[in-house]
Structure formats: C-alpha cells, structure tokens
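Hello,

Here is the structure we talked about handing over. Please open it first, then read the notes below.

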Amino acid sequence: MPPYAVALSVAGLVLALVAGVYAASFALAPRGFESGPFLSGARPAEHALSRYHVRWYTVSMVFLAFDMEMVFMYPWAVVVASVGVKAVVEMFVFLALLLVGVLYAWREGALRWA
C-alpha cells in the first residue's frame with residue numbers, strides 16, 4: 001500500500017468523524033430558543049457595549065507591564081548562568097524601570113479605588 005493512501009485514509013476518517021459530530025449536534029440540538037445572549041438563564045442587565053471606568057484602563061496597563069516583565073524574565077532565567085553578572089545587572093535595571101512606573105502610577109492615584 002502506498003504511503004499517501006494511508007495519509008488519505010486517515011484524513012478521510014477524521015473528516016468523517018467531524019462530519020458525524022456536526023450531524024449529531026444538528027440532529028440532537030433543541031429547537032425553539034430565541035437568539036439572544038445567554039447568562040445562566042437570565043436576561044442581561046446592561047448592554048454588551050457598556051463603558052468601563054477609566055481606572056480599569058490604567059490597572060490593565062500596569063498589569064501588562066508586569067506581564068511583559070514575566071515574558072522577559074523567563075528567557076533571562078535560562079541564560080543568566082552563561083552570561084554572568086552583566087545579565088543580573090541588566091535585569092535589575094529593567095526591574096528598577098518597572099518600579100519607577102509603578103511608583104508613578106501609585107503617585108497619580110491609578111491604584112486608588114476610593
């Protein structure tokens with residue numbers, strides 16, 4: 001049996017399985033639901049495009065700053081032993097810059113919820 005025949009038969013089986021799952025869900029799905037948002041059976045209390053308070057944006061920016069810190073610290077942890085003291089100094093400079101940003105946000109009241 002040629003090798004492409006095995007690949008085509010596996011692809012055909014996967015396609016048949018996917019089509020069977022779609023057919024079963026179409027046949028067994030309940031009918032008569034109105035098309036609207038579903039929230040544990042209750043109607044939503046506010047519009048989906050309601051506005052957030054402006055403080056959520058500043059908190060999300062602080063979160064993204066610390067999220068990017070983790071993105072940079074994982075590869076740094078892999079190479080810190082081979083690079084040496086230079087890598088440690090660079091990371092402390094990076095953390096100091098993040099700390100300056102957090103202190104600025106704290107001073108401006110971005111983390112105050114009252």
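Among the elements covering its buried residues is α2, residues 54-83. Keep in mind that this is a predicted model.

Which residues of α3 are buried? They are A87, M91, L98, V102 and A105. In an α-helix, residues three or four places apart point the same way, because there are 3.6 residues a turn.

The length of α3 checks out. The helix covers residues 85-108, which is 24 residues. At 1.5 Å a residue it should span 34 Å, and its end C-alpha atoms lie 35 Å apart, so the two agree. Just after α3 comes G109, with a positive phi of about 90 degrees.

Now the annotation. An unreviewed UniProt entry places "transmembrane region" at residues 56-80 and 87-106. Both stretches can be compared with the model. Residues 56-80 are 100% helix and 0% strand, with end C-alpha atoms 35 Å apart. Residues 87-106 are also 100% helix and 0% strand. Their end C-alpha atoms are 28 Å apart.

Last, the charged pairs. How many salt bridges does a search of the whole structure find? It finds 1. The partners are R107 and E108, whose side chains meet at 3.4 Å, N to O. Is R107 buried or exposed? R107 is exposed, because its relative accessible area is 62% and the cut-off for exposed is over 50%. E108 has 47% relative accessibility, so it counts as partly exposed.

Best wishes

Notes: Residues numbered from 1 in each chain as written. Predicted model: local features only at pLDDT ≥ 70, side-chain atom pairs only at ≥ 80, totals over all residues. Heavy atoms only, no water. UniProt positions renumbered as here; feature names shortened; annotations may be inferred. Helix = DSSP H or I, 4+ residues; strand = E, 2+ residues; numbered from the N terminus. Salt bridge = Lys/Arg side-chain N within 4 Å of Asp/Glu carboxyl O. Buried < 20%, exposed > 50% of the residue type's maximum accessible area, 1.4 Å probe, protein only. Expected span 1.5 Å × (residues − 1). Contact = heavy atoms within 4.5 Å.
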